[in-house]
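Subject: Structure handover

Hi,

Here is the structure for you to look at. My notes on what was found follow it.

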Amino acid sequence: MEIGTIGDAGSRSGTVMLRVDFNSPIDPSSQFILDDKRFREHLPTVQALEDTKLVVLTHQSRPGKKDFTTLEAHAEKLERLAGRAVTYVDDIFGPAARETIRNMKRGDIVMLENLRFNAEENLTLKPEEAKKTILVRKLAGMADWYVNDAFGTAHRSQPSIVGLPLAVKTVAGLLMEREVASLSRVFTGAPRPVTFVLGGTKVDDSVAVAENVLSNGIADRVVVTGVVANIFLMAQGYDIGRPSTQLIEQLKYCGEVARARQLLAAYPESILVPEMVAVRENDAREEYPVDAIPADAPVLDLGADSAATLAARIRESGTVVLNGPAGLFEEEAFAAGTFEIVRAASTVEFSVVGGGHTAVAIEKLDLENAFTHISTGGGACIEFLTGKKLPAIRAMEMSREIFG
Ligand SMILES: Nc1ncnc2c1ncn2[C@@H]1O[C@H](COP(=O)(O)OP(=O)(O)OP(=O)(O)O)[C@@H](O)[C@H]1O
Ligand SMILES: O=C(O)[C@H](O)COP(=O)(O)O
């Protein structure tokens, strides 16, 4: 890769700012962190920097959301998992933060306040503009070097992601390195056939991924499930019923139907769409062929036959990229399709997973260890798979050009 890594950063001492993505599901009333996967995934980088004065930066949620909160619980969680003291400061670059950092000794860890408490961090800016923000200038003034390990935020053009690398020598952390290497392997040298399984609700992203991987010969086939499948069914001319059509209108995805139709016309053999679906009818699961979906029943899962057929195609793949669940798996009655697809994906030689909900489905089946790589990125992972260079990666390349 064209970006620097901790291994080739040379010095492992001095004051290091480490950008992580500890943004996690939180119970808004108790402030309890409900899932610590992202913490565990960043630990190797934290430990690799144990000889530095380590200043940890992260965001949690976004302004206006219920789980937009301070980072006391995050510092405690890191302390417990790393087995090292972590000092939390409720400040980002004011006197309290500066004083604490000035007094740090080698081996100390400090966690600053939620970066998005600073208005500038919520702006989408070009790297050169982001470099000029007060936030970046102040943070850069306190750091000898910068490590970006926040793959989950790599698709955001925000100051800490794209501005700080232009102001301080920046390298990728171990998680960032592993994410980029694993996801890049999907594009080069993945065992064939390569199957992309695109489900969940992020239809626009999924259609963009399908376009990229089919037009560039990266995927041999694309299996669509979840709300993404509903769009392809509409594109094939089927009536998916009022509730599912309304959901697509609400999510503002009607424009995606035409794109799906173009894809089906261009790659008729390579896109696999379910032929049977499960709906909720009179509070129970019922299955119908796609040309007989009842008008008032929401489509919430693959039908059992289709789940089995699609799972068989997945099992015969060398590589599977799985993003998004196949149905409303949070409800037992509509979880079977997702679980069957997950089980099939877990059997192939090279298996990559993106998306928080998909990871939850895998955890429910206790199959985490059966997958080659489960990305910590939701939006970042899917944007990477569309073939775009992520802003964080571009900024680290620029940093290397500037600082060597
Ligand atoms: N047919 C369907 N109708 C309604 N909801 C569905 C359907 N299929 C899947 N879902 C819902 O989609 C949601 C997950 O979609 P999403 O695209 O967010 O997945 P992800 O990419 O794994 O997760 P994240 O966005 O958190 O990283 C789940 O809550 C699931 O219940
Ligand atoms: O969870 C994520 O996708 C990242 O932490 C980025 O969060 P955002 O979507 O609020 O920018």
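V16 touches L49, T52, K53, L54, V55, W145 and V147, leaving aside residues up to four places away in sequence. Contact here means heavy atoms within 4.5 Å. V16 sits in strand β1, residues 15–19. Helices (H or I, at least four residues) and strands (E, at least two) are DSSP runs, numbered from the N terminus. V16 counts as buried because its relative accessibility is 0%. Buried means under 20% relative accessible area, exposed over 50%, and partly exposed in between (1.4 Å probe, protein chains only). One of the V16 contacts, V55, is 39 residues away along the chain, yet the two C-alpha atoms are separated by 6.0 Å.

Some ground rules. This is a predicted model, where local features need pLDDT of at least 70, side-chain atom pairs count only at pLDDT 80 or more, and totals for chains, interfaces and linings use all residues. Residues are numbered from 1 along each chain as its sequence is written, chains are lettered from A and ligands numbered from 1 in the order in which they are written, and side-chain values use heavy atoms, with hydrogens and water left out.

Domains next. Domain 1 covers 6–179 + 390–403, and domain 2 covers 192–348. Their C-alpha centres lie 37 Å apart. The bounds come from an automatic or database domain assignment.

Now ligand 2. Its surroundings are D21, N23, R38, H59, R62, R116, G152 and R156. A residue is near a molecule or strand if one of its heavy atoms lies within 4 Å of it. By class, this shell has no nonpolar, 3 polar and 5 charged residues. Ala, Val, Leu, Ile, Met, Phe, Trp, Tyr, Cys and Pro count as nonpolar, Asp, Glu, Lys and Arg as charged, and the others, Gly among them, as polar.

For R156 the distance is 2.6 Å. For D21 it is 2.7 Å. For R38 it is 3.1 Å. The protein covers 84% of the 310 Å² of accessible area that ligand 2 has on its own. A polar contact is a pair of N or O atoms within 3.5 Å; within protein, one must be able to donate a hydrogen and the other to accept it, and residues adjacent in sequence count only if both atoms are side-chain atoms. Accessible areas come from the Shrake-Rupley method with a 1.4 Å probe; for residues, only the protein chains shown count as cover.

R38 lies in helix α1, residues 37–48. Its relative accessible area is 18%, so R38 is buried. A polar atom of the R38 side chain lies 2.8 Å from the backbone oxygen of N23. Residues touching R38 include D21, F22, G152 and T376.

Last, ligand 1. What surrounds it? There are 19 residues, and the closest are K202, E330, G356, H357 and T358. The shell divides into 6 nonpolar, 11 polar and 2 charged residues. An oxygen atom of ligand 1 lies 2.5 Å from a polar side-chain atom of T358. An oxygen atom of ligand 1 is 2.7 Å from a polar backbone atom of G356. A nitrogen atom of ligand 1 is 3.1 Å from a backbone N or O atom of V299. Of the 640 Å² of accessible area that ligand 1 has on its own, the protein covers 84%. Elements giving two or more residues to this shell are α9 (226–235), β12 (299–302) and α14 (356–364). α14 gives the most, with 3 residues.

Best wishes
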